[in-house]
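Welcome, and please open your viewer. We will go from one selection to the next and say what is there at each stop.

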Amino acid sequence: VQLQASGGGLVQAGGSLRLSCAASGIIFRFNDMGWYRQAPGQQRELVATITSDGSTNYADAAKGRFTVSRDKPKDAVYLQMNSLKPEDTAVYYCAVVRLTTGHPLVDLWGQGTLVTVSS
């Protein structure tokens, strides 16, 4: 059972990247999903969530710049990141989550993908 984020790389400030999340060994099209990131020396933080029916929620840092989406037939989740800033530099992770009134509960972490934004 494995989740894998991909699509990271080096981009200049103001640029865009699209991250993808795919799985092997599980089907997550009926699960709520989350994108997280962890910058060097920082705690992992929530970036965005998407429910099984497509409802989305974003951290303040992501609002207006990032878009989370999913393709159920392909069993994939995406994070479109626009207007990237150097402070977006981090390892990005996708995760199977359970949404609560507080912080989501993570059932499964994916392997991350590094996003580096140069100034």
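Start by selecting strand 3 (residues 17–24) and strand 8 (residues 76–81): they run antiparallel and are joined by 5 bridges. Strands here are DSSP runs of E with at least two residues, as helices are runs of H or I with at least four, and both are numbered from the N terminus. Two strands pair if DSSP finds at least two bridges between them. A word on the model before we move on: it is predicted, so local features need pLDDT of at least 70 and side-chain atom pairs count only at pLDDT 80 or more, while totals for chains, interfaces and linings use all residues. Residues are numbered from 1 along each chain as its sequence is written, and side-chain values use heavy atoms, with hydrogens and water left out.

Within strand 8, pick Gln 80; Arg 18 stands opposite. Now widen the selection to the whole sheet, which is open, has 4 strands in the order 1-3-8-7 and pairs antiparallel. Strand 1 (2–6) and strand 7 stand at the edges with a single partner strand each, so one side of each has no neighbour in the sheet. From one strand to the next, the twist averages 15° (axes are lines fitted to C-alpha atoms, for helices over the stretch in contact, and angles run from 0 to 180 degrees between N-to-C directions).

Next, select strand 7 together with strand 8: 6 bridges join this antiparallel pair. Ser 69 has Tyr 78 in strand 8 as its bridge partner. The hairpin of these two strands has 4 residues between them, and Asp 75 there takes a positive phi near 55°. Colour strand 7 by face: Phe 66, Val 68 and Arg 70 make up the covered one, and Thr 67, Ser 69 and Asp 71 the uncovered one.

**Arg 65 in its loop**

Which loop holds Arg 65? Look between strand 6 (56–58) and strand 7 (66–71). Arg 65 has a relative accessible area of 12% and is therefore buried (buried means under 20%, exposed over 50% and partly exposed in between, with a 1.4 Å probe and protein chains only). A polar atom of the Arg 65 side chain lies 2.7 Å from the backbone oxygen of Ala 61. Leaving out residues up to four places away in sequence, Arg 65 touches Gln 80, Met 81, Asn 82, Ser 83, Leu 84, Lys 85 and Asp 88 (contact means heavy atoms within 4.5 Å).

**The aromatic cluster**

For the last stop, show Tyr 36, Tyr 93 and Trp 109, which form one aromatic cluster. Rings of Phe, Tyr and Trp (its six-membered ring) pair if their centres lie within 6.5 Å; planes under 30 degrees apart are stacked, over 60 edge-to-face and the rest tilted. The count by this rule is 2 aromatic pairs. Tyr 36 and Trp 109 are edge-to-face, 4.8 Å centre to centre with 70° between the planes. Tyr 36 belongs to strand 4 (residues 32–38) and Trp 109 to strand 10 (residues 105–109), so this pair ties together parts 73 residues apart in sequence. Is Tyr 36 buried or exposed? Tyr 36 is buried at 7% relative accessibility, whereas Trp 109 is partly exposed at 36%.

The rings of Tyr 93 and Trp 109 are also edge-to-face, because their planes are at 75°, with centres 6.2 Å apart.

Conventions: A polar contact is a pair of N or O atoms within 3.5 Å; within protein, one must be able to donate a hydrogen and the other to accept it, and residues adjacent in sequence count only if both atoms are side-chain atoms.
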